[in-house]
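Please load the model in a viewer and keep the selection panel at hand.

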Amino acid sequence: MGKMRHMAGRPPSFPVAELEERVARAAAREFSQHGYEATTIDAIVAASGVSKPVIYRAFGSKSKLYCTMLERFANELAAAAMESFHQSDGTMVEQLRAIIESWFAALEGRQDEWRMLNTAASSDPAVRSTIHRIRAMQLSNDATMIRSFLPELPEPEVEPIAEAVRGSLLAVGAWWIDHPSVDRHVPVNALTRMYAGVMNAPMGSLG
């Protein structure tokens, strides 16, 4: 009976992956609402119900937790778009729509991670370095797609156009996050029209 009472009093155990996911969800809410600097590990402990030692064993520090979450989310968005880019066929408009649709599908329901990624500002060198890497990855992926869709585009114009694509995608993504009742096809169609129009417009001689 003593052994049974001891076992009944033990806290339930969970797989490591489940604990890490609980921490990530709670941390995303805290970081999104309060920002990196104001969020503490104690707040994440209270929000997740996962002990501080477990969090430190899994992530090492608040900085590493934050950077891990930023990179994971950014990589998921990028992977969705790039997979669609490599697999889609049909007309240029159909391919563009498939890529944009995949990106927005990966974004849907991820308001907290989105706000973390797009409001990240910190004096922490690791956070700044992570944001720089993410931005470079986004530009590289957009440049790859632009070269494919516009093979005759002068190379010096690729990066500024990639930056414009990245900026417009982030801006419309932010708009959609702030309008959660709007169906996903609205921003997808809007961006498809815009990008297709730019790519199909006759340029003439620009000098």
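**The nonpolar core**

Begin by selecting Phe31, Ile44, Leu65, Met69, Trp103, Phe104 and Leu107, which touch the most other members of the largest nonpolar core, a set of 55 residues. Such a core consists of buried Ala, Val, Leu, Ile, Met, Phe, Trp, Tyr and Cys residues joined through side-chain atoms within 4.5 Å; buried means under 20% relative accessible area, with a 1.4 Å probe and protein chains only. Next, colour helix α5 (residues 62-87), which gives the most to this core, with 12 residues. Helices are DSSP runs of H or I with at least four residues, numbered from the N terminus.

This is a predicted model, in which local features need pLDDT of at least 70 and side-chain atom pairs count only at pLDDT 80 or more, while totals for chains, interfaces and linings use all residues. Residues are numbered from 1 along each chain as its sequence is written, and side-chain values use heavy atoms, with hydrogens and water left out.

**Around Leu107**

Centre the view on Leu107. Apart from neighbours within four places in sequence, Leu107 is in contact (heavy atoms within 4.5 Å) with Phe73, Leu77, Trp114, Gly173, Trp176 and Ile177.

Then move to helix α7 (residues 111-118), whose buried residues are Glu113, Trp114, Met116 and Leu117. Viewed along the axis of α7, these buried residues fall within an arc of 160°, so they line one face of the helix; the arc is taken over the directions from the helix axis to the C-beta atoms.

**Aromatic pairs**

The whole structure holds seven aromatic pairs. Rings of Phe, Tyr and Trp (its six-membered ring) pair if their centres lie within 6.5 Å, and planes under 30 degrees apart count as stacked, over 60 as edge-to-face and the rest as tilted.

Select Tyr36 and Tyr66: their ring centres are 4.7 Å apart and their planes lie at 50°, so the pair is tilted. Tyr36 belongs to helix α2 (residues 16-38) and Tyr66 to helix α5, 30 residues apart. Tyr36 is buried at 8% relative accessibility, as is Tyr66 at 3%.

Finally, select Phe85 and Phe149, whose ring centres are 6.2 Å apart with planes at 65°, so this pair is edge-to-face. Phe85 lies in helix α5 and Phe149 in helix α8 (residues 125-149), so the pair ties together parts that are 64 residues apart in sequence. Phe85 is buried at 12% relative accessibility, and Phe149 is buried at 14%.

How values were computed: Buried means under 20% relative accessible area, exposed over 50%, partly exposed in between (1.4 Å probe, protein chains only). Helices (H or I, at least four residues) and strands (E, at least two) are DSSP runs, numbered from the N terminus.
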